[in-house]
Amino acid sequence: MGEQSPESGSKTAKKTNRAAGKKAATERDTASATAAGEASEARARKAAEKPQPQPPAAGKPSAKKAPAKKTSAGKTAAKKAPAKKAAAKKAPAQKAAAKKAPAKKTAAAKSSAGRPVVAAAGRARKPAVVPERTTVDVEGIAPVKTVAARAPREESRTALVRRARRIDRELAEVYPYAHPELDFDNPFQLLVATVLSAQTTDLRVNQTTPALFAKYPTPEDLAAAVPEEVEEILRPCGFFRAKTRSVIGLSKALTEEFGGEVPGRLEDLVKLPGVGRKTAFVVLGNAFGRPGITVDTHFQRLVRRWKWTDETDPDKIEAAVGALFPKSDWTDLSHHVIWHGRRICHARKPACGACPIAPLCPAYGEGETDPEKARKLLKYEKGGLPGQRLKPPQAYLDAGGRPAPPLGAG
């Protein structure tokens, strides 16, 4: 082999020097990168070991918001991954909660003056006052008028039956002498008097029937009567022409179909002119001793106030109330309810402050709650006034009741 020239040797040396320089630069870069990485790890360790600053103690809301303010990139990234999965699973629940949120905020937000805050829809929500339990001391201070006891919406059937029967028991103690308030000596007189009591008071009927029965004592006599003469006697009862047709018609039916005797069956009584279920049950319960519920205007009003039923049809009311009591109690129950409606629980202004069953009444507060003012609203023997009958039972008189005056007296 021949020897190399000076030029070729010089080129070879230059290439070697350049390769050595590149290698040295690469080693320096690697060393500096390694040092930078170690420094970064050291700073990270120091930051992890350094205690994190605590958020200001501003109550529970600040404590709940603190986790959201952390700036650690590692921890935030770690929490975001499971949060996405949880959000996907809880999406339906969050939608439902979002619908309920406005209602909760509206109910909770109130001004210092007690006025409701206007909701997003622009309507004001009125705060409801629902007492858990209202008891009334009739002799003491009456509750505020605006706070009335309410029968709970979730009242079970068993609770309703117990409350209804307790009301009847307490009314039986208040009115132990309750009786039909029409004067009668036999089933025929009771039947005629009950027909005449429509759209008028028992007192007015009792003041009118003595003259009628004195002139027409039997069904045969009344069936053969001159209508104009009967009308003149019945004029004080109101609707005297229609009532004259009814009493003469039922007297003819009794004479022709039942031998002048009042039948003791419901299906026979309701066939008579002017006789409905209410009249039939009055006769059956008080003349024949057969249980029946008398659904008159007082009975209808009170059973709805007491939440025994919401029905308005008399036949449906009879069925609903009858299901709450034994059949043997029906007649006396009718007397208790009707007496209470006439004496205390009036249609327009009930005497709530003098009511003996106020703690059991869902409608307490509809009338006068002041005891002294309520006592002035009482009628008949409770208010020191005459009762409905001219010839009341002895038990009524023994209890302090007073007989009604005859027609034209006083």
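Leaving aside neighbours within four places in sequence, which residues is Arg342 in contact with? They are Glu181, Asp202, His298, Lys379, Tyr380 and Gln388; contact means heavy atoms within 4.5 Å.

The model is predicted: local features need pLDDT of at least 70, side-chain atom pairs count only at pLDDT 80 or more, and totals for chains, interfaces and linings use all residues. Residues are numbered from 1 along each chain as its sequence is written, and side-chain values use heavy atoms, with hydrogens and water left out.

**View 1. Arg342 in helix H15.** Helices are DSSP runs of H or I, at least four residues, numbered from the N terminus. Arg342 counts as buried because its relative accessibility is 14%; buried means under 20% relative accessible area (1.4 Å probe, protein chains only). Its side chain makes a polar contact with the side chain of Asp202, at 2.8 Å. A polar contact is a pair of N or O atoms within 3.5 Å; within protein, one must be able to donate a hydrogen and the other to accept it, and residues adjacent in sequence count only if both atoms are side-chain atoms.

**View 2. The largest pocket, with a volume of about 820 Å³.** Closest to its centre, of the 35 lining residues, are Thr200, Asp202, Asp296, His298 and Arg342. Two or more lining residues come from each of H6 (187–196), H7 (202–215), H12 (277–287), H13 (297–305) and H15 (330–343). H15 gives the largest share, six residues. On a 1 Å grid over the protein atoms alone, a pocket is an open set of points with protein on both sides within 12 Å along at least five of seven lines; lining residues have an atom within 4 Å of a point. Grid points are joined across faces, edges and corners, and a volume is the space filled by probe spheres set on the points.

**View 3. The largest cavity, about 80 Å³ of space.** A cavity is a set of grid points where a 1.4 Å probe fits but cannot get out. The structure holds two cavities of 30 Å³ or more. Lining the largest are Arg305, Ile344, Cys345, Pro350, Ala351, Cys352, Cys355, Ala358, Cys361, Ala363, Tyr364 and Glu366.

**View 4. The second largest cavity, about 30 Å³ of space.** Its lining consists of His179, Glu181, Gly387, Gln388, Arg389, Pro392, Tyr396, Arg402, Pro403 and Ala404. Glu181 and Gln388, in this lining, are also among the contacts of Arg342.

Note on methods:
Buried means under 20% relative accessible area, exposed over 50%, partly exposed in between (1.4 Å probe, protein chains only).
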